[in-house]
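Dear colleague,

Here is the structure for you to look over. My notes come after it.

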Amino acid sequence: MKLKLADLIALGFMTFALFLGAGNIIFPPVVGQESGEQFWWAATGFLLTGVGLPLAAIVALVRSGGDLFTVTQPIGRVAGTVFGVLIYLTIGPLFAIPRTTTVSFEVGVAYFLGDGQAALFIYSIIYFALVILIALYPGRLIDTVGKYMTPVLVAALLILGGYAVFVPADAVGLGNELYRDAPLSRGFLQGYLTMDGLAGLVFGIVIVNAIRDRKIDNPALQTRYALIAAVIAATGLALVYLSLVYLGATSNSVAPEADTGAVILAEYMQYSFGVGGHVLLAVVITLACLTTAIGLTTACGEYFSRLLPLSYRTIVITFGVFSLVVANQGLERLISFSVPVLVGLYPVAMTLVVLSLLSPFWVSAKRVFIPTMALAAVMGVADGLEAAGLGFLTPGWLALLPGASVDLAWLLPVLCMMVVAAALDRFWPKAPIH
């Protein structure tokens with residue numbers, strides 16, 4: 001049995017909508033405004049982590065059946081479980097899911113309901129009621145998300161992105177010093193904040209299960225369809241990011257020195273469309289955040305229902321309610337707490353993806369995975385402490401490593417460890433083959 005063309009397109013739309021969430025909307029305009037004339041370089045860096053990494057993660061996962069348990073198998077059950085739990089909690093109820101709520105409220109809805117704690121609480125109750133209701137039926141995601149919700153989102157994005165590109169508010173402005181000195185690496189690091197690199201590690205199983213629910217049992221077809229969906233999603237994300245980065249780069253006159261992308265978007269929409277702009281922005285941001293929250297809740301339900309003696313239904317409802325509570329702590333607090341965790345996890349996540357993609361070259365995967373992932377974890381902890389303002393707890397020599405000035409001190413040591421481990425794996429006389 002094969003997927004119909006309409007279902008395949010819907011699967012691609014569903015995958016695109018799963019990734020296009022809060023961070024995907026609010027961070028690119030800031031990158032554009034702060035990079036100014038260097039926005040092309042900054043956008044390229046942003047696309048590497050915001051599009052390239054999640055695409056690579058999906059490829060790695062679907063090749064192993066869409067399962068994080070399988071991908072982390074070479075580092076052992078305990079270490080793999082610890083890493084998996086950290087990933088799922090970070091992109092789940094602790095940070096990413098609540099952030100979708102606060103962003104959609106503050107950017108899209110607060111203009112109409114008022115920016116108060118009571119309004120946020122009422123909105124979040126309605127929001128999570130929808131998230132839980134749809135997530136309880138994962139077999140219908142291609143229809144509910146791919147066929148019904150995403151086409152409306154895409155139409156609204158075409159209006160917003162097209163207007164930003166063809167009717168910019170101003171000429172491209174001047175960037176700040178950080179972006180003038182290193183636009184590519186700064187954009188690369190901002191792509192972390194979308195959390196898509198981490199989300200790519202968990203959405204694989206959602207995509208594969210959605211294909212299986214269409215009675216596609218052939219593993220080769222499952223992989224093929226998942227990769228097609230990933231390419232559709234990556235193309236859509238790239239176009240959205242480029243248009244929003246350009247919007248930010250040409251927004252200095254309408255939103256000078258804005259603190260967040262939310263402010264840039266709101267001011268641009270007011271400037272371009274008046275009150276109607278706020279309606280369009282509310283549609284874009286609410287649908288983008290809602291579909292991502294549904295996907296993340298589904299992924300968490302599927303992972304933890306396998307890990308714990310609890311049903312999928314129980315996990316979905318529990319995580320939904322917990323996310324509601326966390327969401328009411330406010331957007332700024334969520335972002336401030338999430339940045340050190342993300343900075344710490346990304347070296348490990350990127351290393352895992354690269355090692356998994358190169359797995360056909362390893363004689364014994366454990367020999368390469370364990371030392372390389374261990375070093376990535378140590379370097380990630382050091383980067384996380386630095387991002388949290390606790391750099392005094394880390395060795396001073398880390399600041400002397402290449403890339404340290406742009407928070408990429410981990411890259412060269414981890415790469416060197418991978419090369420050494422791969423060489424030993426290849427030429428060690430008694431390397432076990434499995």
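This is a predicted model: local features need pLDDT of at least 70, side-chain atom pairs count only at pLDDT 80 or more; totals for chains, interfaces and linings use all residues.

Residues are numbered from 1 along each chain as its sequence is written, and side-chain values use heavy atoms, with hydrogens and water left out.

The protein chain has 18 helices and zero strands (DSSP runs numbered from the N terminus: H or I of at least four residues for helices, E of at least two for strands). Its radius of gyration is 21 Å, close to the 22 Å from the globule rule for 434 residues, so the chain is as compact as a globular protein of that length (taken over C-alpha atoms; the rule is 2.2 Å times the number of residues to the power 0.38). Along the principal axes, the C-alpha atoms fill a box of roughly 70 × 55 × 40 Å. Of the 434 residues, 56% count as buried (under 20% relative accessible area; exposed is over 50%, partly exposed in between, with a 1.4 Å probe and protein chains only).

Helix α12 covers residues 219–249; its 31 residues should span 45 Å at 1.5 Å a residue, and its end C-alpha atoms are 44 Å apart, which agrees (the expected span is 1.5 Å times one less than the number of residues).

Leu113 lies in helix α6 and is exposed, with a relative accessible area of 54%.

Regards
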